[in-house]
Amino acid sequence: MACVGRLGEGVDRLFQDEIGSIEDLVDRIDDRYRSVWGGKTAQQQTSLARYFLPHASSRPVLCPTRPRVVKWYCPFAHQNAFSSGHRYCVNVYVGCAHRCEYCYASAYEPRQATPKRDFVKMLLKDMVDLERFDVPPAPIHLSNSTDPFQPLEAEVGHTRATLEQVLTHRKRFSSVVILTKNPTLAAEPGYVDLFRQLGHLGQNHPRYVKFAHTGIPPFLMEVSLAFWREEARQAYDPGAPSIVERMEGIRLLRQAGIPLALRIDPLFPRAPLRNNSTRTYRDFDLPEPQTLSDLERLVAFAEETGACRVVYSPTKIVQPRLRPMSRMMRSMRPLYEYIAAPERLIFRGGSWRLPPQQQSAVTGPLLDLCRKHGVPAKHCMQNLIETP
């Protein structure tokens, strides 16, 4: 396997004696992640290898697995489809109490939400390594497999501890992005003060000029609000805060000056389910999740509150690895098969998806509404890749 680039002589001898050649580590990087090392200076390649790669592994091909909690974002994704440089994700808890029916993390996360053992201790060790190895700055996301402001946060405070450490080591991170369904807890004064500080980059920050020139906020809160009617929320987001609570939390954050994106995510198929069809969700023993009127109200709310954009993606039907599908997802699958016919559903990454043409039929009306209300819209993958 060819090396991404030959490394300089700047690696200390003690470290080389301990783990062998850094060049050897870089030579063994799995092709899925190799592009992240491409185009980097010798020092940057060294830093990334020292932080992300498993030093003691004898495997011929290496993947980014070494960090404790400040980890590589989405280690299963092929970076050729996602080639935006390295980025971090901190999943502050295991599992989520919101129990959203459609959540892709249910494919691999336990149903019971719990704190991570020795989380703060591991967090501090990762921060020390980021400094010790001089890792270049990258975006950090909280979180892609759990909600950082679920009820556990009020008891345990791992999200607060993480944000405090990110602030202490701010030069190691570019954007700081939080995704939650509980903006009311996030809007408490102690958190808002942290958000404001995280959104300020000093002139000595390595990315100061880039953010100053583009006007992109270095801190962003993303709040999921996919439903307008409480009946739909109770069915599909059974453990999450109510719609009224989330709207109030969003308004509080915006009044405090916190930049915010509204995630109308996921998007469900709407009536008519197929051309010239009279079948509805009720025919599949499911409550109607979203109507076009619901979407218009959500986009209007994004406009009213000054959200910087709407983020969206079509709903997937998730197959958990270690337990049966929920009753609702079992009912959703034949509905999707009905919509897709005569084509077949696409199974990838532990979930079934509609074929591209049917996905476009789901997302197109939302994009039209966003244009009507003057609110930018981004697919969730585009939103992620373009986070600087």
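**Sheet**

An open sheet is formed by 3 strands in the order β10-β12-β11, with antiparallel pairing. β10 (317–318) and β11 (346–348) stand at its edges with a single partner strand each, so one side of each has no neighbour in the sheet. The model is predicted: local features need pLDDT of at least 70 and side-chain atom pairs pLDDT 80 or more, whereas totals for chains, interfaces and linings use all residues. Residues are numbered from 1 along each chain as its sequence is written, and side-chain values use heavy atoms, without hydrogens and water.

- Strands (E, at least two residues) and helices (H or I, at least four) are DSSP runs numbered from the N terminus; two strands pair if DSSP finds at least two bridges between them.
- β11 pairs with β12 (residues 351–353) in the antiparallel sense over 3 bridges.
- Phenylalanine 347 stands opposite tryptophan 352 in β12.

**Cysteines**

- The structure holds 0 disulfides (pairs of cysteine sulfur atoms within 2.5 Å).
- Cysteine 89 is in no disulfide, and the nearest cysteine sulfur, that of cysteine 74, is 9.0 Å away.
- Cysteine 89 counts as buried at 4% relative accessibility (buried means under 20% relative accessible area, with a 1.4 Å probe and protein chains only).

**Nonpolar cores**

- A nonpolar core is a set of buried Ala, Val, Leu, Ile, Met, Phe, Trp, Tyr and Cys residues joined through side-chain atoms within 4.5 Å.
- The largest nonpolar core has 96 residues; those touching the most other members include Trp37, Tyr88 and Met332.
- Helix α14 (residues 327–340) gives the most to this core, with 8 residues.
- Another core, of 5 residues, lies apart from it and has Cys89 and Leu384 among its members.

How values were computed
Buried < 20%, exposed > 50% of the residue type's maximum accessible area, 1.4 Å probe, protein only.
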